Amino acid sequence: MSTLRERQLNALKQMLNLNQPLTKSVACEPTWKVLIYDRVGQDVISPLISIKELRELGVTLHVQLHSDRDPIPEVPAVYFCAPTEENLGRICQDLDNGIYDQYHLNFISPITRQKLEDLAASAIQSNSAVNIHKVYDQYLNFICLEDDLFIMKHQQSDSLSYYSINRGDTKDTEMEAIMDSIVESLFSVFVTLGNVPIIRSSKGNAAEMVAKKLDKKLRENLWDARNNLFHGNTGQVGSFSFTRPMLILLDRNLDMATPLHHTWTYQALAHDVLDLSLNRAVVPENTGAAPIAGQKAKTRVCDLDSKDPLWTEHKGSPFPTVAEAIQEDLDKYRSSEAEVKKLKSSMGLDGESDLALSMVSDNTQRLTSAVNSLPQLMEKKRLIDMHTTIATAILNAIKSRRLDSFFELEEKIMSKSSSVESKAVMDLISDPSAGTAEDKMRLFVIYYLCTSQIPDDEYKKFEASLASANCDINPMAYMRRWKGFTKMSSQYEGGGTKTVSMFSKLVSQGSSFVMEGVKNLVVKKHKLPVSRVVEAALCGEAAELSWLDPRAARTDAAARARAARQPPPSDAVVFLVGGGNYIEYHNLLDFAKQQATSGTPRKIIYGATTLPNASQFLKQLSLLGEEIQ
């Protein structure tokens, strides 16, 4: 039972093996080749395969499609790009100039018949048709960031953002194009998984449009006898064995507070504070010293991947826990380093003596094992250094922006457990030392969404104090209108935090993280609106979601009633139209863990059109607000 990420990786490896199945001999002696990709292809490959691994797969050179490339004879060239007019034009140009001798063309999403004929015509004209060995449709039009997390697009993804889906002046044709590209990607996901889902979606919004289009596309493919993609085509068995997954399509408007919420877990903090994208975080290096005028601050790029044990275990943990874990790892590392040094001195390498000679025999084994463990130690040290850098940068941001206070107050507001007085919100907004203008705006939007009525005069007071804190008030115009349309006051329940004694363990041990003045908050487990809808759908309850099944021949009420009697699927793919976030992703993972302990193992995959962090999302709201005024 392989994960979505593994399946996408296998497909890519097979493609780099010139679309031959992977065998043992390939691993020892790959054929050397050139890889040519466009921006989309680059984003698909980069979270999955590092440059070192590309080399191992026989790729000697990887270049952008639209760069100046020199002719390289006698080497197969693997193209991995989207079938757009401009890309195809460039490929025809390559054929004209005869840059390579063998072309293996792989299109990220299927190429249309018309474009394929144009390509063929151009190849005949330039007399290079013999050189094109294979043309493949890869159905890999999505970016897998984790085993169970995917997004549609990263570069040039503005066309899929919340803003462009909810804009007032989007033309119907533009909307159709947006929906089609989302459907295209989701279709790729299910071809890669090898299963046809049962589709549930929220009604009356963009998600429903996507659901209908996807249903139609899957239906057409299932009835197409010649190239049905779900009929044991790839030789890979479906990853969900016999049960079909449920695709739950939700709209971002279901919950607008979470994307703006300040957070307390490691991965989400890195996303919020350090702009983690495609599993890369950019960390400013000299945090202590003020940057010299006119000189760019140095940054360091950190790759966070699934091969890193600390990251895998703690990406969903609260920040204080992470700091403790890093400290523990550091102590372990230091003790093993000390052992190697001790060994050196006991070997008498610092003083010649007869004693040293007699000890050599039993020390040889110890020395061998110490030398063998050196590479692992070095790798450990690199990871510890990297996490220390990231954690320090996050910690500095928490301290300078007082993020712990924001997080604590927002959790209280969203959990409805204790009534939050407007005074507390007001104090934090008007406190000049707390946070940036964006932080204050995020806090107020959440307060506004979760409070049923705010009297006008009070609202004006808030507006004035936000303005005096230099906030961009545009998002409020949109949020006020949005709140008028949707009823969502009772969406949140049982969250909140409790403060535990100040990092007692860390402070006493003289840790490298100075945690003074940061609250040690422990987050109480609670379900966000998205997780709650998913839970209802998987228990077969959610009546507010529409129901589509591409496999069913009839879609009338009788067929629906029949399907309702069957037990609902245990696995789900949850997809948010209009942007997702790491907070919901971890919340769903927690929900799946919780279900597993109560005896129903579930596999949940979370996907979204894009993953904006809070400040990017706020900018989109601000643009929407500007349009209204």
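Proline 567 is exposed, with a relative accessible area of 72%, where exposed denotes over 50% relative accessible area, buried under 20% and partly exposed the range in between, computed with a 1.4 Å probe on protein chains only. The structure is a predicted model, in which local features need pLDDT of at least 70 and side-chain atom pairs count only at pLDDT 80 or more, whereas totals for chains, interfaces and linings use all residues. Residues are numbered from 1 along each chain as its sequence is written, and side-chain values use heavy atoms, with hydrogens and water left out. Proline 567 belongs to the loop between helix H22 (557-565) and strand S15 (572-577), helices (H or I, at least four residues) and strands (E, at least two) being DSSP runs numbered from the N terminus. Its C-alpha atom is separated by 7.5 Å from that of glycine 540, a residue 27 residues apart from proline 567 along the chain.

Aromatic pairs were assigned to rings of Phe, Tyr and Trp (its six-membered ring) with centres within 6.5 Å, planes under 30 degrees apart counting as stacked, over 60 as edge-to-face and the rest as tilted. The count by this rule is 18 aromatic pairs. In one of these, phenylalanine 444 and tyrosine 459 form a tilted pair, with 6.0 Å from centre to centre and 40° between the planes. Because phenylalanine 444 lies in helix H17 (residues 437-450) and tyrosine 459 in helix H18 (residues 456-468), the pair ties together parts that are 15 residues apart in sequence. Phenylalanine 444 is buried at a relative accessible area of 1%, and tyrosine 459 is likewise buried, at 3% relative accessibility. A further tilted pair is formed by tyrosine 585 and tyrosine 606, whose ring centres are 6.2 Å apart and whose planes stand at 35°. Since tyrosine 585 lies in helix H23 (residues 582-597) and tyrosine 606 in strand S16 (residues 604-608), this pair ties together parts that are 21 residues apart in sequence; both tyrosine 585 and tyrosine 606 are buried.

Phe444 and Tyr459 also belong to one aromatic cluster, together with Tyr447, Tyr448 and Phe462. Over the ring of tyrosine 459 sits the charged end of arginine 480, 4.0 Å from the ring centre, the criterion being NZ of Lys or CZ of Arg within 6 Å of the ring centre and within 35 degrees of the ring normal. Lysine 217 lies over the face of phenylalanine 187, at 5.0 Å from the ring centre.

Helix H17 and helix H19 (residues 474-485) pack with their axes 11 Å apart and at an angle of about 15°, where axes are lines fitted to C-alpha atoms, for helices over the stretch in contact, and angles run from 0 to 180 degrees between N-to-C directions. H17 and H19 are therefore roughly parallel to each other, as angles under 35 degrees count as roughly parallel, over 145 as roughly antiparallel, 65 to 115 as roughly perpendicular and the rest as oblique. The contact (heavy atoms within 4.5 Å) involves Met441, Phe444, Val445, Tyr448 and Leu449 of H17, and Pro475, Met476, Met479, Arg480, Trp482 and Lys483 of H19. The buried residues of H19 include Asn474, Ala477 and Tyr478, and the buried residues of this helix pack against helix H7 (162-166), H17, H18 and helix H24 (614-628). In H18, serine 465 is buried at 11% relative accessibility and touches Met426 and Ile429, not counting residues up to four places away in sequence.
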